[in-house]
Amino acid sequence: MAGAAGSPEKTWSSRTAFILAAVGSAVGLGNVWKFPYEVGAGGGGAFVLIYLVFVFAIGLPVMIAELLVGRRGHAAPPIAAETVAAGSQRHKSWAWLGWIGVIGAFFVLSFYSVIAGFSLSYMVETVTGRLGDLTPEASVKHFTDDIGGSFAIVFGWHTLFMVLTVFIVARGIKGGLEQAVTYLMPALFVLLVGMVIYSLSVGEAGKALQFLFQPRLSDLTTDNILQALGQAFFSLSLALGAIMTYGAYVPRDYSLPRSAFIIAAADTAVAILAGLAIFPLVFQYGLEANAGPGLVFITLPLAFAEMPGGVIVGGAFFLLLSIAALTSAISLLEPTVSWLEEKRGIARAKAAVWGGLAIYLVGIGSVMSFNVWSDVTFWRGTVLDNIDFITNNVMMPLGGLGIAVFVAWFMNPEAVRSEVTGISDRLYKAWLNLLGFVCPVALAAIFFSVSGADRLVLRIVDLAGYGVSEDPGERLLHATIVFIVMIMPSLLAARRRHPQLALLAFVNVVAGWQPIGWLFCLVWAHRPDLLTATRRAVGARDDRVQASSDERSGSAG
């Protein structure tokens, strides 16, 4: 098999290289583009506070688990997951954990490159002065019509971005990924810190700091909390195969918890710094903090057009955004290339070209969603809208949920502890409890809230004869509780290697998630032990009866 993940040429040359690459994977458009507008829409400081809690209570445990599976399996995600499952005497179907990551990364990159192409386009246009006389109306028109409305422009930037991504990945771990992040990540941090210093110096620093760091918990809603939870999970690039693939290249002497903590902290720092770079300018020029997804491409160019030196500042900002997108893009292509190398025996350069070409062609659908096919909508909207919905709202939460459940409930405990080194037993137990109990509930809440699955679960409960609240927050809470109650007995059953996990979950729901459902599942799950105990009890009873009979016979004699 060409270039197995455990081979010397597919191992990080240093801890620093691994950290930079993993941080580069996590840091992307989600930090510099999505986080600021989520904070703006979520009310500021309260959103940031909840986000920080979720990053370290939910995202960090799952990241450690995903790195663990990758390093333990020493291969591309599907192969790694299957190998680890086999090592714990579990069914090979657990390979789905890897497949959902590889497929998710494939489709995410197909539209991610299109959005990244916009950042390249805006960088060039800002530097050349084409955005110097924007009005609010002109800024909207420029984004939707002048750039987005032109197939040739969006297609051209999409092409350039994918060529850059394929070129880096084709050069390998040390010659491509490591070299790229060695230069790009320091450049990103320098640009970001420079933007923060400038923004705080010339903008409304006081208002921005108050907005970001003075939480008003009264502003929080159920939707805001769920948005913060989703942003914390998605910002770390979890369940997309990238972290698992990078974990396959990690040497045994690296502490996964310590590395994951550094990655999560650096990713969070970039998100906070992005907010500090953007909001002082937003408040200085009277722009709307809750402008939504258009904050970067529609709102900020207005500030760059008005400020002295806006050509330089705006150019630096969109360069920063492009670098962040590129470091994430190379990690999204890596799972596909790694699988083609290891499973199909294709040389790395060819695997990068063929994998990148397939993603590039699929991405044309997202390109056309802005122009030629903008009126072609189905299910969730345009082609891009549907791909985005399936990957971000279905595949990623389910993948993260699967990783958490698999490592905490199904992996051999000794194997898990041998991988999670460098922390005390107390911290290890705390991590395992978070992973096994808190993370599944949180990820189930994300899945229900963003995918609409809560309606399906609640429909089942409703059909079973139980009332359903009309309040959205109560409905979500109700659906999450139903999920917890129907999944826990099934996990107990599955740990006994019983195959009908789905049937048990369904029976528990139909039973009205009452004690009868729990009792049935628990009895069924532990029936081998119960049968053995019953046989022993019957045998002991028969022995006592026989002994008593012998005694009576002896007395009668």
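Among contacts between residues at least 6 apart in sequence, what percentage join residues at least 24 apart? With that in mind, where does histidine 158 lie, and at what angle do helix 7 and helix 8 pack?

Guide: This is a predicted model, in which local features need pLDDT of at least 70 and side-chain atom pairs count only at pLDDT 80 or more, while totals for chains, interfaces and linings use all residues. Residues are numbered from 1 along each chain as its sequence is written, and side-chain values use heavy atoms, with hydrogens and water left out.

To take the percentage first, 80% of the contacts between residues at least 6 apart in sequence join residues at least 24 apart, where contact means heavy atoms within 4.5 Å. The protein has 23 helices and zero strands; these are DSSP runs numbered from the N terminus, with helices being H or I of at least four residues and strands E of at least two. Of its 557 residues, 55% count as buried, that is, under 20% relative accessible area with a 1.4 Å probe and protein chains only, whereas exposed means over 50% and partly exposed lies in between.

Histidine 158 has its place in helix 7, which covers residues 151–170, and it counts as buried because its relative accessibility is 0%. Its side chain is joined to that of serine 113 by a polar contact of 2.7 Å; such a contact is a pair of N or O atoms within 3.5 Å, of which, within protein, one must be able to donate a hydrogen and the other to accept it, and residues adjacent in sequence count only if both atoms are side-chain atoms. Leaving aside residues up to four places away in sequence, histidine 158 touches Ser110, Ser113, Val114, Tyr360, Gly363, Ile364 and Val367.

Helix 7 packs against helix 8 at an angle of about 130°, with the axes 6 Å apart. The axes are lines fitted to C-alpha atoms, for helices over the stretch in contact, and the angles run from 0 to 180 degrees between N-to-C directions. The two helices are therefore oblique to each other, since angles under 35 degrees count as roughly parallel, over 145 as roughly antiparallel, 65 to 115 as roughly perpendicular and the rest as oblique. Ile168, Val169 and Ala170 of helix 7 make this contact with Gly172, Gly176, Leu177 and Ala180 of helix 8.

Helix 8 itself (residues 172–202) has 31 residues and reaches 43 Å from its first C-alpha to its last, close to the 45 Å expected at 1.5 Å a residue; the expected span is 1.5 Å times one less than the number of residues. Helix 8 also bends by about 25° at glutamate 178, the bend at a residue being the angle between axes fitted to the seven residues ending there and the seven starting there.

Threonine 327 lies in helix 14 (residues 310–344) and is buried, with a relative accessible area of 0%. The side chain of threonine 327 reaches the backbone oxygen of valine 27 at 3.5 Å, and a polar atom of that side chain lies 3.0 Å from the backbone oxygen of alanine 324.
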